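Me: I am new to reading protein models, and I would like to go through one step by step. Could you help me with the terms along the way?

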Amino acid sequence: MAGDLREGGPAPASGAGGRRFVGRETEIGELRTALADLASGVGRAIALVGEPGIGKSALMAAAAAQARAAAVPVRAARGRGGIDSATLGVRPPAVAAHSARAPGVMVTVDDLHQLPAEQIPLAERLIETAAAQPVLCLMAYRQRQLPPALAAVLSRAASAGLLDVWNVGPLTAEQCGDLLGGGERDAEGDRGRQLPDAEALHRAALGNPQYLKILAGRGDAGADAGVAVLGEIADLDAGALAAVQAAAVLGEHFHPELLAEVAGLESAETLRVLDLLTRVDLVRQTEPAGLVLRHRAVGEVVYERLEPSRRIALHQRAEAALARRTAPIARRARHVAQAADPSRPEHVTTLIAAARDSLYASPAMAAEHLQAALPLLKEGDAHWHEAHVLLARTRLLTGDAIESRELLDVLRAALPGGPAANKVRALVDSSRAERRLGRYTEAGAIARSALAVLADSDIATAAAVHSELADHAYDIQDYETSRQHAETAAEIARRHDDPAGEANALAQAAVAHLFAADQSTALERTTRAAGLIDAAADSTLLTNLESTFQLGLTEGMLGRLVDSERHLQRGAALSRRTGQTYIEPQILTTLANTQLRAGNLRGALVTLDATARHADRAGNPPTRAIIAMLRAEVLFWLHGPEELAEAVSFAEQAIVIAGDDPATWAVTVRCFNAELLLLAGYTARARWQMLDAAGGSDLPRITVWRRPRWCDTLALAAWYDGDKVDVEHWARLAEECVSQLPSVGRQGFAHRARMRAHALHGDTDQALASAREAIASFTASGERIEASRTLLAAVELLLDAGRTQEVDGWLDRVAILTAQSESQRVAQELAHQRGRFAALSAPGDAVPAALAVLTAREREIAVLASTGKTSGEIAEALFLSVRTVDGHLGRVYRKLDVSNRAGLAHVVLHGEAQDAPDAPGAPGVPDASGASAVDQG
């Protein structure tokens, strides 16, 4: 059979192409089989059943196009036009049984549910003919609109095995994403525009492709889908059309009485048209006496085609009818926004009241109400100032800090004339906008001016002012001032019955106490904050989503990773649900870091993917840089050493954003990058970058709380270089920091740094004791990656010393942690250490005396190098970087007192040093310092 029926093959006449068939692979495969059977003389009757717009007609048209491509005659009919057997060219089964075999033919009947009653016997005959002749009969219908007599015929045919009934179901969320993002260009050929949220659209469209395209507004595809809906209402009489238009304007469930009033119909006429609209499945019943259009997408198509005068008139009727019924203000405001009357002051108050009510539940909706109200106001009117402040806040809540700041800058000039509460609210929002944009100095100055406006006023907004000042003091590392403002904010919020504000302030205070070495108070404040958040309803938290972020951040710092993830997940869900996107990047970034520390690498990657839609519009450099750095770290651990390119790319993006900025966030980004460089084998470069970022050997630019981690990183670098003095310095500094600010997770880094120092001094027992303490600390805080790293380091120490006790048990613990984290990097190191353990446990030759001064890893590399393998080949064999191999070789040369590979080979073979010149240009040969030519470049 010529051609093939699949995505990219012949398309329906509408021109939607193969993308129309996303998610229909099963049906397409069956239709292909049916066409192949037809070529062999076997007929078949198939009914495609499903919701309007689900794709039945598209499948039928694709099958017809494929049949024509295979030179199979196609006869098409529609239910409304009826079936003409002569036109279709189908002979009765009795005649066919006594005639020569006829060529195959395809018969399609779309909209079978519209078939006239007198034509039903012909439909039955057509199905019977398909069973006896080489006829492929395809029928499509909507189950809800099927007349009882026709339903009986189809049911009998299916029971007799004469008709295959295929239910064409909804697409999955992933398939909807494919349909929306299938490479379609807009009118200007633009591929760069942001796609809508496919998951949200999938839920709204119920997986229906037609509804999906309408709701997404995807150019020609959306217009084509809308035309199909318009075709359904084209033949409605005037009363039915008026009812559909009124339902589209109402945009929600309605009762017949309300519909009659908005549509301008008498009660009897309303009931008649509702019966009609129900029969044609444009209106459906949802509850006793409750009605709704079939789907929101149908209402959108009808609404868009309304003439402006008709639309305004219907909205005015709807608002008046709802006002008479004392409906909630939010329902009325939607209609006022579309038909506001400047001569009616109550319209302004309705819109502003609705904006206040929806400010946190749906800031985007609140903005629409305010934009409708502002043209009705003049500067100096009672609500003018409040409306602008509220609009600026909606911009801040929806993540547009730049526009929010611009609006507030204009308002601040007019502040002296407004009420104190409005002034303070505007200043607090201004401070938040500046902080979102990374302008911390300006944010602090504005917050202080808000405090001056407050004077001694005891108003609820005062808590927000003190919280802003607590954040500013934290940013400049003035933790005592931060604590004072946070404690004040918590007390004010408690007096004004604001649990979200109180929880936010308590979590801020906890961090300040932690940095003041008062861990017990920090834990107590955090526990109180968690109790308030857990007891609060979602509607309460919506007024201050920063509380979930601040609590999750604080819990993470205190090693409560499980609680941190729980509260951050709740905040992220509320942010997505309401459109309060201003805080979502910070929540998701902190959540990803929590998941990374807990070893949930794939979860962290999914969370970081969710930040992608904020990345381009985020005007906050710290957030963008930290997102890129976190992604680099997650990818580093998730993949093996051979897959570094993607992680390096994101790390470089973060470094470019951070630049030479002295702010804490930029220093942290540069330190994380240095750590990745070290773990990838770039020891010298990593040490230089870390010390440059931190300001020198005392790490003055890094807070005491954060220093233990970077001390441990520098201790590892010193250990790689065999620098006993440096490794001791970093271990001692880490211990001093932990003694000042004790914290479960921080202690693990100090113990691991001390482990390095003991190991380099040859005290294996003390090194293992420190390793056990580090493992216990990381396990207590739930940090799987760090626990795995420490276990593997301890195993390496044992094997280097030729000791096998405890090794098997520790390797098993790493295996369990690795299964949970799915880290390919840890898994490969685990496999390597298992191999070493097996080799050391098995009987074999003793280590030559000349090589006894080397560690097990150094001996392993030395032996491979002595066989003539290049550094690149050794790196590939041992899952290391070339620079790590070169670094080890440099130490091997120093310990064995040789200067080239020929000398190394002699020692390995004969047990004594004897240098010989290397061949010119040998790749990867380190100099006496252990650095390769690449390093020196």
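Reply: Let us start with burial: a residue is buried at under 20% relative accessible area, exposed at over 50%, and partly exposed in between (1.4 Å probe, protein chains only). In this structure, E735 is partly exposed, with a relative accessible area of 33%. Before we go on, note that this is a predicted model, where local features need pLDDT of at least 70, side-chain atom pairs count only at pLDDT 80 or more, and totals for chains, interfaces and linings use all residues. Residues are numbered from 1 along each chain as its sequence is written, and side-chain values use heavy atoms, with hydrogens and water left out.

Me: What percentage of the residues of the protein count as buried?

Reply: Of the 937 residues, 53% count as buried.

Me: How far can I trust the model, and what is the mean pLDDT of the protein?

Reply: pLDDT is the predictor's confidence in each residue, from 0 to 100. Here the mean is 84, and 87% of the residues reach 70 or more. Over residues 1-19 the pLDDT is below 50, and this stretch has 40 contacts in the model beyond near neighbours in sequence (a contact means heavy atoms within 4.5 Å). Residues 183-195 also have pLDDT below 50, with 13 contacts beyond near neighbours in sequence. Where pLDDT is low, the predicted coordinates should not be read in detail.

Me: How many helices and strands does the protein have?

Reply: Helices (H or I, at least four residues) and strands (E, at least two) are DSSP runs, numbered from the N terminus. The protein has 48 helices and seven strands. Take helix α18, residues 363-373, as a case: its buried residues are P363, A366, A367, H369, L370, A372 and A373. Those buried residues pack against α16 (329-338), α17 (345-358), α19 (384-397) and α29 (561-578).

Me: What share of the contacts joins residues 24 or more positions apart?

Reply: Among contacts with a separation of 6 or more, such residues account for 66%. S777 lies in helix α40 (residues 764-780) and is buried, with a relative accessible area of 6%.

Me: Now for charges. How many salt bridges does a search of the whole structure find?

Reply: A salt bridge is a side-chain nitrogen of Lys or Arg within 4 Å of a carboxyl oxygen of Asp or Glu. The search finds 57 of them. One joins the side chains of D281 and R284, at 2.8 Å from N to O. D281 is buried at 3% relative accessibility, and R284 is buried at 14%.

Me: Which parts does the salt bridge between R631 and D609 tie together?

Reply: The closest N and O atoms of R631 and D609 are 3.1 Å apart. R631 lies in helix α33 (residues 621-638) and D609 in helix α31 (residues 601-610), so the pair ties together parts that are 22 residues apart in sequence. R631 is buried at 12% relative accessible area, while D609 is partly exposed at 44%.

Me: Which ring does the charged end of R631 sit over?

Reply: A charge sits over a ring if NZ of Lys or CZ of Arg is within 6 Å of the ring centre and within 35 degrees of the ring normal. The charged end of R631 sits over the ring of F650, 5.3 Å from its centre. Likewise, the charged end of R825 sits over the ring of F636, 3.7 Å from the ring centre.

Me: Last one: how many disulfides does the count come to?

Reply: A disulfide is a pair of cysteine sulfur atoms within 2.5 Å, and the count here comes to zero. C711 is in no disulfide, and the nearest cysteine sulfur, that of C737, is 5.3 Å away. C711 is buried at 0% relative accessibility, and C737 is buried at 1%.
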